[in-house]
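Subject: A structure to look through

Dear colleague,

Please find below the structure that I promised to pass on to you.

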Amino acid sequence: MSLICENIVKTYSGKEVLQDVSLELQPGKIYGLIGRNGAGKTTLLSILTAQNPATRGSVTLDGAPVWENRRSLEKLCFSRELNANAESGLAAMKAKEYLRIASTYYEGWDKALEERLVQLFELNTKKKMGKMSKGMLSMVTIIVALCSKAPYTFLDEPVAGLDVVAREQFYKLLLEEYTESGRTFVVSTHIIEEAADLLEEVIILHQGKVLLSGETQSFVDSACHVSGKAEEVDAAVAGLEVRHVETMGRSKGVTVFLEPGQKIDESRDVSVQPVSLQRAFVALCGEEEHK
Amino acid sequence: MNEQLTGQKSIYIQIGEMMETDILRGILLEEEQVPSTNELARLYTINPATAAKGVGLLVDEGILYKRRGIGMFVSPGAREKILAKRRAAFAENHLAPLLAEARSLGISKEELIDMIGERMK
């Protein structure tokens, strides 16, 4: 059984921010949701967790619609990116109070873990959220997500504003919680390189559409970087899906996406190198400007 | 198991190779239990499925074996197996790039053999 969304469309004032999004999130996996700013990530996460209605389409958990369904909602936690500005009404609230309110939503709230994380992050929970830095607010969202113990937990940009040590701590904590509980996590992030090895599956959202959804490893393995003298490169990659072309004088470098069974012609005098998830993502989604 | 991962190869392959290297170096002994996939996942901050895939490679090759309900162990004769495998792959993995570089630098066969002889004294 799993969380399934089918043909989700979301329109804001006539503009389709999500177009026909269908996904299946299986239990016991860590998913990465990546996409550029404005790709629709937060909208998708809020629809999957029934915090925002879809214009069209359905979201079901184990077959039952999640919208206004208390039994489903208890199993879903969407720890939003916090904005403690005047409009959000959070500015005057102490982090402690916010955590207390969050804890009342989730039956399985882990108080001991909350205390441990507050200490680990050295978070002053008596501080008003309006006085907190971006990084501190991220810590609060991480604490909510991990302590909720919700079987499906969604984290929106959990590492935004965190320093490198705190980010590493977060990745370790996520893995610790994951290996102990087998909960499903969906993490959206712009710091792709750091999270890449954590993500069993990756979902790439681009301009409101799912461009790719599948095993991270197979996606990364399907891409490679080919470079050398321009003619040699062109010959080596003839007939293949070529992206992200860069040239300098006689030299050329391209990122290639291989379909199963396709191969680079390595008899040519070229260098073939593996690419990272981040490079593959940029090659796939960063092209428009050059066209 | 404390080497660092690089971006040069798939992570699961590196996990397998690191375990092999530890067996060759006597860090992991035959008939000894190896770290669990969850332990590996936490150490390297990688998905446990990736760690499991790396361990699976070695199980397929008979370098590790599973004891039900306990975990993975180093097979008897694992060290010999790894040595044989790495020797068989030596020419392809190490000589091929060396010869390619020698060729592009115009180093002759005789010069190369001399160099090797000098180094191996």
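A residue is called buried if 20 or more other C-beta atoms lie within 10 Å of its own, exposed if 12 or fewer do, and partly exposed in between, with the C-beta atoms placed from the backbone. Because A:A230 has 17 C-beta neighbours inside 10 Å, A:A230 counts as partly exposed.

Before going further, please keep in mind that this is a predicted model, in which local features need pLDDT of at least 70 and side-chain atom pairs count only at pLDDT 80 or more, while totals for chains, interfaces and linings use all residues. Residues are numbered from 1 along each chain as its sequence is written, and chains are lettered from A and ligands numbered from 1 in the order in which they are written.

Chain A

Chain A has 10 helices and 14 strands, where helices (H or I, at least four residues) and strands (E, at least two) are DSSP runs numbered from the N terminus. Along the principal axes, the C-alpha atoms of chain A fill a box of roughly 65 × 40 × 40 Å. The radius of gyration is taken over C-alpha atoms, and the globule rule used with it is 2.2 Å times the number of residues to the power 0.38. For 291 residues this rule gives a compact globule near 19 Å, and chain A, with 21 Å, agrees with that. Of the 291 residues in chain A, 40% are buried.

Two residues are in contact if their C-beta atoms, placed from the backbone, lie within 7 Å. Taking the contacts in chain A between residues at least 6 apart in sequence, 69% join residues at least 24 apart.

To return to A:A230, its place is in helix α9 (residues 230-236) of chain A. Not counting residues up to four places away in sequence, A:A230 touches A:T247, A:R250, A:S251 and A:K252. A:A230 and A:I8, on the other hand, are 222 residues apart in sequence and 43 Å apart in space, from C-alpha to C-alpha.

A nonpolar core is a set of buried Ala, Val, Leu, Ile, Met, Phe, Trp, Tyr and Cys residues joined through C-beta atoms within 7 Å. The largest one has 101 residues, of which A:V140 and A:I143 touch the most other members. Helix α5 (residues 134-148) of chain A gives the most to this core, with 10 residues. Leaving aside neighbours within four places in sequence, A:V140 is in contact with A:L82, A:A95 and A:Y98.

The sheet in chain A

Two strands pair if DSSP finds at least two bridges between them. In chain A, an open sheet of four strands has the order β2-β1-β4-β5, with antiparallel pairing. β2 (15-25) and β5 (64-65) of chain A stand at the edges with a single partner strand each, so one side of each is left without a neighbour in the sheet. Strand β1 (residues 3-12) of chain A pairs with β2(A) in the antiparallel sense over seven bridges, and A:I4 stands opposite A:E24 in β2(A). Five bridges join β1(A) to strand β4 (residues 56-61) of chain A, again antiparallel, with A:S58 in β4(A) as the bridge partner of A:E6. β4(A) and β5(A) run antiparallel and are joined by two bridges, and the bridge partner of A:L61 in β5(A) is A:A64. The hairpin of β4(A) and β5(A) has two residues between the strands, and A:D62 takes a positive phi near 50 degrees there.

Chain B, and where the chains touch

Chain B comes to five helices and two strands, which follow the pattern α-α-α-β-β-α-α along the sequence. A compact globule of 121 residues would have a radius of gyration near 14 Å, whereas chain B has 18 Å. Buried residues make up 22% of the 121 residues in chain B.

Finally, 14 residues of chain A are in contact with 14 residues of chain B. On the side of chain A that touches chain B, the elements that give two or more residues are α6 (164-181) and α8 (216-222) of chain A, and α6(A) gives the most, with five residues.

With best wishes
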